[in-house]
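Here is a short tour of the structure shown below, starting from one residue and widening to the whole chain. Keep the 3D view open as you read.

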Amino acid sequence: MSNATSSQQTVAILGNGVVGIALAKGFLEQGYRVVFGTRDVAGSKTREALAAVPGASAASFADAAKACQVAVLALPWGGLQQALEAVGPVHLAGKLVIDPSNPLDFSTGQPSLALGHSDSAGELVQRLLPGAKVVKAFNTITAGHMVRPQLPDGTPDMFIAGNDAQAKAEVSALLKAFGWRTAIDMGDIQASRLLEPLAMVWISYGFRNNHWTHGFSLLGQKA
Ligand SMILES: NC(=O)c1ccc[n+]([C@@H]2O[C@H](COP(=O)([O-])OP(=O)(O)OC[C@H]3O[C@@H](n4cnc5c(N)ncnc54)[C@H](OP(=O)(O)O)[C@@H]3O)[C@@H](O)[C@H]2O)c1
């Protein structure tokens, strides 16, 4: 945080796995101050994340959330609820919260959705963080292509969903800055019921072809 200026926005990256690290790098490139929120500030995973994202710092979930203007939930389904309790929903009230999570159940070996049709991880997150402006985004691409997702046959689109129009406009601008072709707004956070199964299409194609660098694009979009 040494070169931070007061006008700089702080993003709290909650979770320090591959998604957290990938998005942290993207935010850093855009001039954000980056703080990882973690269960273990001194742990080896946190040290690895800080080494991978020079200039970032680490704090408890609650301290990272308090410090931020924008938060990213780079958390596994199994730890999401517990982590958000540790964050303290009050610390994210009024703030943009980007949710790339997928409710994946690995208990049978192959990933499948742990919930769907009548609920979604996006809606659960919004219920757990009632004051936050939750936007589902980045859940239908691999971590390695979340920033500058140029694929050999084109630049993909990212589907987003959320209840707050201004928050979705911010995420759309971020996606543009990260190198996406367009952000496609699918409606309020309930549309996570569509976007999380879409991630399963991505995952299933990956397993069927042992190929992990694909992305979605919507042709013929309304001008
Ligand atoms: N991997 C991808 O390419 C990809 C793509 C699209 C979407 N997603 C979604 O993005 C989310 C993050 O994915 P990821 O692959 O980065 O996840 P991950 O590596 O499994 O976990 C991210 C971090 O979550 C933290 N965490 C907090 N509470 C936890 C708990 N109870 N159990 C386990 N970890 C906990 C851990 O950091 P600390 O131990 O420091 O707290 C961990 O490093 C997931 O919901 C995933 O479905 C992933």
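Setting aside residues up to four places away in sequence, N102 touches W77, N139, E196 and A199, where a contact means heavy atoms within 4.5 Å. You will find N102 in the loop between β5 (96–99) and β6 (104–105); helices (H or I, at least four residues) and strands (E, at least two) are DSSP runs, numbered from the N terminus.

N102 is buried, with a relative accessible area of 15%. On this scale, buried means under 20% relative accessible area, exposed over 50%, and partly exposed in between, with a 1.4 Å probe and protein chains only. The side chain of N102 also reaches the backbone oxygen of N139 at 2.9 Å.

## How to read the model

This is a predicted model, in which local features need pLDDT of at least 70 and side-chain atom pairs count only at pLDDT 80 or more, while totals for chains, interfaces and linings use all residues. Residues are numbered from 1 along each chain as its sequence is written, and side-chain values use heavy atoms, with hydrogens and water left out.

Most residues other than glycine have a negative phi. Two residues here are worth a look when you check the backbone.

F138 has a positive phi of about 70° although it is not a glycine, and R148 has one of about 50°, again without being a glycine. F138 lies in the loop between β8 (133–136) and β9 (158–162), and R148 lies in the loop between β8 and β9 too.

## A lysine at a helix

K45 is found in helix α2 (residues 44–52). Leaving aside neighbours within four places in sequence, K45 is in contact with N16 and G17. K45 and G17 are 28 residues apart in sequence, and their C-alpha atoms are 7.7 Å apart in space.

## The whole chain

The protein has seven helices and 10 strands, and its C-alpha atoms fill a box of roughly 45 × 35 × 35 Å along the principal axes. With 223 residues, a compact globule would have a radius of gyration near 17 Å, and the 16 Å of the protein agrees with this. That radius is taken over C-alpha atoms, and the globule rule is 2.2 Å times the number of residues to the power 0.38.

Buried residues make up 48% of the 223 residues. Among contacts with a separation of 6 or more, 70% join residues 24 or more positions apart.

Methods: Polar contact = N/O pair within 3.5 Å; in protein donor to acceptor, adjacent residues only side chain to side chain.
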